[in-house]
Amino acid sequence: MSNSSSITEFLLLAFADTRELQLLHFWLFLAIYLAALLGNGLIITAVACDHRLHTPMYFFLLNLSVLDLGCISTTLPKSMANSLLHTRTILYSGCAAQLFLFVFLMSAELYLLTVMAYVRYVAICKPLHYGTLLGSRACVHMAAAAWGTGFLDAVLHTANTFSLPLCQGNAVDQFFCEIPHILKLSCSDAYLREVGLIVVSVFVDFGCFVFIVVSYVQIFRAVLKIPSQQGCHKAFSTCLPHLAVVSLFLSTATFSYLKPPSISSPSLDLVVAVLYSVVPPAVNPLIYSMRNQELKDALWKLI
């Protein structure tokens, strides 16, 4: 038995015991990580360098790519390094920093996606008010609110989680420092404070999801009134993948944080964590550029 004052490091989940499977995990995660770096990096560069993309939607898309890069860089490199070096350790301070950054970036991303749904709603349903509602100052304020709220979330969750006494060892059954697995190491009822905070966060996140869905429903209703079938097809083919990624992210994250211990298993926890922490940052660049001719043209100029 150990307590939090004596813990200097944690042991992260090992993907495999054999060297061959560890290297397979390294190369798989490396390929995903490089794809995310390339996709998000190209979007950031294209939006920053092409003056035609200096609009509210692309401003928020740039912010989203920065958040995606930060999020996937918080979890994958350490996991890859551990597999390559045949180790499982992460320092106590490194675990706290990883948890803080992950919660900060993922929370900010959800709030930013909510803002982006509002921007689309204004662009399609309130085009005459677009310039008034989405001026440069308003866009900066909304982006700052998303980043600031994510930072506040991270401070609260990190402070709550690492103030708990830990006496159930130091093995974290996940490939990064995730709140539910840190809470499993607690030996005090004080962990219920963090559980309560998680429940509150889930309700807030659900409110964001409802706002996103309602915004897209209004967009679909407006688009269906357009006689052009091409316009309808483009709107649906653009918005539905966005909704799919947001739904995947929120459903798997909620399941990961609120699932009962009776259905918890290392393999299930691993799959769910990959679905909400690795897949969205990797596929967002493809989703947001797939049907976007302006962004494609800007990317071709860069290449």
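**Ring pairs and a nonpolar patch**

Helices α1 (19–49) and α2 (56–85) each contribute at least two residues to the nonpolar patch; helices are DSSP runs of H or I, at least four residues, numbered from the N terminus.

Me: Which residues form the nonpolar patch on the surface?

Reply: A patch takes residues with over 30% relative accessible area and no salt bridge, nonpolar side chains (Val, Leu, Ile, Met, Phe, Trp, Tyr) being joined within 5 Å. A salt bridge puts a side-chain nitrogen of Lys or Arg within 4 Å of a carboxyl oxygen of Asp or Glu. Here the members are Leu 23, Trp 27, Leu 84 and Leu 85, with about 410 Å² of accessible area together (Shrake-Rupley method, 1.4 Å probe).

Me: Is Leu 84 buried, partly exposed or exposed?

Reply: Buried means under 20% relative accessible area, exposed over 50%, and partly exposed in between. Leu 84, in helix α2, has 37% and is partly exposed.

Me: How many aromatic pairs are there?

Reply: Rings of Phe, Tyr and Trp (its six-membered ring) pair if their centres lie within 6.5 Å; planes under 30 degrees apart are stacked, over 60 edge-to-face, the rest tilted. The count in this predicted model is 14. Tyr 92 and Phe 162 are edge-to-face because their planes stand at 80°, with ring centres 5.5 Å apart. Tyr 92 belongs to helix α3 (residues 92–125) and Phe 162 to helix α5, so this pair ties together parts 70 residues apart in sequence.

Me: What are the conditions on these values?

Reply: Local features need pLDDT of at least 70, and side-chain atom pairs 80 or more, whereas totals for chains, interfaces and linings use all residues. Residues are numbered from 1 along each chain, and side-chain values use heavy atoms, without hydrogens or water.

Key. Patches are made of residues with over 30% relative accessible area and no salt bridge: like charges are joined within 9 Å, nonpolar side chains (Val, Leu, Ile, Met, Phe, Trp, Tyr) within 5 Å. Buried means under 20% relative accessible area, exposed over 50%, partly exposed in between (1.4 Å probe, protein chains only).
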